[in-house]
Amino acid sequence: MRAPRRETPTTHPEKAPADSAPAIRTEGELKKLIAGKGKADTAQTAAVLARVSIVMADYLESGKPIGIALNPVEILSAIWAAIKEAEGQPSPWPDGADARAFFIHGLYDEIIQQPSNIFETKLFPDCTERYIPLDKATWKACLQRLHEQIIASGTKIGERKKRGG
């Protein structure tokens, strides 16, 4: 069986069909993409959040047999640390200070590994379509959205409890 091709020749970016991959039209755009300084592609947010949510749920489920259930603040702290990592800052947790800190750090590790597992297709100036890992700007925007969603969910639950229902 032949290995799949990593690059697909295609038409010139200006003549690409509307449903093809987003095109990188200039060397400047290519340099920004490589440096991680491009604009966030918000069209991908829902799909990326769905994937990250599944990864996080699986990880959190793995804590049940050992008696560790993280609270929302701990989960938010792991996401916040992942946002900071996307900005180039290291993890704030020491490795294995205790079992709980180790587990939170593990959640952080699971989250930050995701951009290298999520690929998008881009049309390059040499007229090839290539799979590349999710860009840093889109990843950071997704993490920020996830952080906001969790806070909003907690606020809604708190409001329901105040109303008695």
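This is a predicted model: local features need pLDDT of at least 70, side-chain atom pairs count only at pLDDT 80 or more; totals for chains, interfaces and linings use all residues.
Where is the place of His-105? His-105 sits in helix H4.

Helix H4 covers residues 99-112, which makes 14 residues. At 1.5 Å a residue they should span 20 Å. The end C-alpha atoms of H4 are 20 Å apart, so expectation and model agree.

Now look at which residues of H4 are buried. They are Ala-101, Phe-103, Ile-104, His-105, Gly-106, Leu-107, Tyr-108 and Ile-111. An α-helix has 3.6 residues a turn, so residues three or four places apart point the same way. Keep that in mind when turning the helix on screen.

Return to His-105. Its relative accessible area is 10%, so His-105 counts as buried, the cut-off being under 20%. The C-alpha atom of His-105 is separated by 7.0 Å from that of Ala-78. Along the chain, these two residues are 27 residues apart.

Next comes Phe-103, also in helix H4. How many aromatic pairs does a search of the whole structure find? The search finds one. Its members are Tyr-59 and Phe-103, and the pair is stacked. The rings lie 4.5 Å centre to centre, with 25° between the planes. This pair links distant parts of the chain. Tyr-59 belongs to helix H2, residues 45-61, and is 44 residues apart from Phe-103. Both partners are buried. Tyr-59 has 15% relative accessibility, which puts it in the buried class. For Phe-103 the relative accessible area is 6%.

Glu-74 is located in H3, which runs over residues 72-86. Is Glu-74 buried or exposed? At 13% relative accessibility, Glu-74 counts as buried. Leaving aside residues up to four places away in sequence, Glu-74 touches Ala-69, Arg-100 and Ile-104. Ile-104 is on the list of buried H4 residues.

Finish with the cysteines. How many disulfides does the structure hold? It holds zero. Cys-127 is buried, with a relative accessible area of 17%. Cys-142 is buried too, at 1%. Under the cut-off used here, a disulfide would need a pair of cysteine sulfur atoms within 2.5 Å.

Key:
Residues are numbered from 1 along each chain as its sequence is written. Side-chain values use heavy atoms; hydrogens and water are left out. Buried means under 20% relative accessible area, exposed over 50%, partly exposed in between (1.4 Å probe, protein chains only). Helices (H or I, at least four residues) and strands (E, at least two) are DSSP runs, numbered from the N terminus. The expected span of a helix is 1.5 Å times one less than its number of residues. Rings of Phe, Tyr and Trp (its six-membered ring) pair if their centres lie within 6.5 Å; planes under 30 degrees apart count as stacked, over 60 as edge-to-face and the rest as tilted. Contact means heavy atoms within 4.5 Å.
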